[in-house]
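Please look over the following notes with the structure open beside you. They are meant to be read slowly, one point at a time.

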Amino acid sequence: MTPQNYVQQKTAASGSSFYYAFLFLPYSKRNAITAFYAFCREIDDIVDEMMDSGVARTKLAWWQKEVRRAFQGQPNHPVMKALMNHANDFGIEERHLQAIIQGCEMDLLQNRYLSYEELQNYCHLVAGIVGEVSAKIFGQTQVQTTNYAHKLGQALQLTNIIRDVGEDARRGRIYLPMNELQKFGVTANDILTSRYSESFVELMKFQSTRAKNLYQDALSNLPDVDKRAQKPGLMMASIYSALLKEIEFDGFQVLHQRVSLTPLRKFWLAWKVQAFGFM
């Protein structure tokens, strides 16, 4: 199996919404973003699938060394071999990949966030940097597009957090800021034991409004000249905005289930952006 085949299978198997946004890209960009996404999946899977945090930290340390080796011209893992074929062409730097590893490592060291400001730093590392690299691959020409990419990455991550409240709680993690739980009269134990209440719904409405505002803020930071090139990111915004609406319509029933969109709906939303622009 070639490195490119490996990352293609890794990306397709994930079932992620990102896969649908990649389908409309030219060959070279599609290969680059597929390799980059496969790297993100490799790192994220270590944290999500490893029950032993010591083993997970050891694996992340190995990846930190592998990234250094790769940028010194000696990649070993098929993901890094595939990614390094595109690094120079699309401005992918070692600091980007190390930041993503650092962000995922936070999941091993911290399972609560006292404030939104604390959570923002985490989102910057695991999503904002991903947005920055993705924008470069898609064809960024304006400096301001980096601001758009960071804000969009944060909006997508907050949507993930809203969707995965129950799933994360079963891993012992609560990403919703503790001071905001307190403000709405929701306890950590309510989250951990899947206890619904009017207070919980109000808390989630607050989180949803923040995410929606970030989507709008991101779009306002995207220069017109880059809108065409950044269509894959706009596809993600369309898919995740639709997911957020679905969660809202369902009354934020996220403690016991994972709300999702069908593959056909994701493809339809991506195609509409490709054909008509962001809706």
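This is a predicted model: local features need pLDDT of at least 70, side-chain atom pairs count only at pLDDT 80 or more; totals for chains, interfaces and linings use all residues.

1. As a starting idea, two packed helices are described by the angle between their axes and the distance between the axes.

2. Begin with helix α9, which spans residues 144-163, and helix α13, which spans residues 198-220; their axes come within 8 Å and cross at roughly 160°. Because angles over 145 degrees count as roughly antiparallel, α9 is roughly antiparallel to α13. The crossing in which α9 passes α13 is left-handed.

3. Which residues make this contact? On the α9 side they include Tyr 148, Leu 152, Ala 155, Leu 156 and Ile 162, and on the α13 side they include Met 204, Arg 210, Ala 211, Leu 214 and Tyr 215.

4. Turn next to helix α7, residues 94-109, and helix α8, residues 116-138, which pack with their axes 8 Å apart and at an angle of about 150°. This angle makes α7 roughly antiparallel to α8, and α7 passes α8 in a left-handed crossing.

5. The contact between α7 and α8 draws on residues of both helices, among them His 96, Ala 99, Ile 100, Cys 104 and Asp 107 of α7, together with Tyr 122, Leu 125, Val 126, Ile 129 and Lys 136 of α8. How many residues of this contact are nonpolar, polar and charged? The contact of α7 with α8 divides into ten nonpolar, four polar and four charged residues.

Definitions and conventions: Residues are numbered from 1 along each chain as its sequence is written. Side-chain values use heavy atoms; hydrogens and water are left out. Axes are lines fitted to C-alpha atoms, for helices over the stretch in contact, and angles run from 0 to 180 degrees between N-to-C directions. Helices (H or I, at least four residues) and strands (E, at least two) are DSSP runs, numbered from the N terminus. Angles under 35 degrees count as roughly parallel, over 145 as roughly antiparallel, 65 to 115 as roughly perpendicular and the rest as oblique. A crossing is left-handed if the near helix is turned anticlockwise from the far one by less than a right angle, and right-handed if clockwise. Contact means heavy atoms within 4.5 Å. Ala, Val, Leu, Ile, Met, Phe, Trp, Tyr, Cys and Pro count as nonpolar, Asp, Glu, Lys and Arg as charged, and the others, Gly among them, as polar.
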